[in-house]
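Dear colleague,

I am handing over the structure we spoke of, and below it I have set out what was found in it. Please read the notes with the structure open beside you.

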Amino acid sequence: MASSPFALVTGNANKLREAERILGRKLDSVKVDLPEIQSLDIAEVLRAKALEAFAHVRRPVVVEETGLTLDAMGGFPGPLIKWMLDAMGPEGVSRTAHALGNPSAEAVCALAYYDGERILTGQGVTRGVMLETPRGEHGFGWDPVFRPLGSDLSFAELGPEEKDRLGHRGRGWRVFRDKLAGEGIL
């Protein structure tokens, strides 16, 4: 089997599985503990991750940065969601939005390819609402408390194909796939 044209830098098996399903191909993946700059600018975080990942892996890489912005918090936590989830869990994040009077949120998946010379990026966004009560058994992270607009189900209640269609990661990977194909990478 031919090697993939890049290494997806992730230690998250769920993210790898979703990327492979959306792209319709197996990917090389590598887990690298990358330092993450602390910024609300997802593009700045993504670029820093891509450069650092390439320095470790020494071959073309793809990195992902995911953010969840709460309308009630003016777009916070964005790419800092990982630490908010670690501190209070998905239910705590949702309770915060509801306590502030606005459960609307936006999930973002930003992707970057870097081969040592060029950076290509893509992004997917899904608007939705935070649910007061977690629902569903699938997914990971905030999936049980996020309901995308256009669905009555949380991400964790959706089947894989429907989550890929509605979700930020599916949208981001489709945009990114098209960019990579246009550059002859895929």
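Arg58 sits in the loop between helix H2 (42-57) and strand S3, and in this predicted model it has a positive phi of about 60 degrees although it is not a glycine. Most residues other than glycine have a negative phi, and most peptide bonds are trans. With a relative accessible area of 66%, Arg58 counts as exposed, the cut-off for that word being over 50%.

The strands come next. Strand S5 (residues 104-114) has nine of its eleven residues buried, and it is therefore largely enclosed by the rest of the structure. S5 pairs with strand S3 (residues 61-70) in the antiparallel sense over ten bridges, and within that pairing Gly67 has Val108 of S5 as its bridge partner. S5 also pairs with strand S6 (residues 119-130), again in the antiparallel sense, over eleven bridges, where Ala107 is found opposite Thr126 of S6. S5 and S6 make a hairpin with four residues between them, and in its turn Gly116 has a positive phi of about 95 degrees.

Helix H5 (168-182) can be checked for its length. Its 15 residues, at 1.5 Å a residue, should span 21 Å, and because the C-alpha atoms at its ends are 21 Å apart, the two values agree. Which residues of H5 are buried? They are His168, Arg169, Gly170, Gly172, Trp173, Phe176 and Leu180. The buried residues of H5 pack against S1, H1, S3, S5, S6 and H4. After H5 comes Gly184, with a positive phi near 75 degrees.

Rolling a probe the size of a water molecule over the atoms shows where empty space is left. The largest pocket has a volume of about 690 Å³ and is lined by 27 residues, of which Asn12, Lys15, Glu36, Lys49 and Lys82 lie nearest its centre. Strand S1 (7-9), S3, helix H3 (81-99) and H5 each supply at least two residues of this lining, and H3 gives the most, with four. By class, the lining of the largest pocket comprises eleven charged, ten nonpolar and six polar residues.

The second largest pocket has a volume of about 190 Å³, and of the 13 residues that line it, those closest to its centre are Glu18, Arg21, His138, Gly139 and Pro160. Helix H1 (13-23) and helix H4 (160-166) each supply at least two residues of the lining of this second pocket, with H1 giving the most, four residues. The lining of the second largest pocket divides into five charged, four polar and four nonpolar residues.

With best wishes

Key:
Residues are numbered from 1 along each chain as its sequence is written. This is a predicted model: local features need pLDDT of at least 70, side-chain atom pairs count only at pLDDT 80 or more; totals for chains, interfaces and linings use all residues. Side-chain values use heavy atoms; hydrogens and water are left out. Buried means under 20% relative accessible area, exposed over 50%, partly exposed in between (1.4 Å probe, protein chains only). Two strands pair if DSSP finds at least two bridges between them. On a 1 Å grid over the protein atoms alone, a cavity is a set of points where a 1.4 Å probe fits but cannot get out, and a pocket is an open set with protein on both sides within 12 Å along at least five of seven lines; lining residues have an atom within 4 Å of a point. Grid points are joined across faces, edges and corners, and a volume is the space filled by probe spheres set on the points. Ala, Val, Leu, Ile, Met, Phe, Trp, Tyr, Cys and Pro count as nonpolar, Asp, Glu, Lys and Arg as charged, and the others, Gly among them, as polar. The expected span of a helix is 1.5 Å times one less than its number of residues. Contact means heavy atoms within 4.5 Å.
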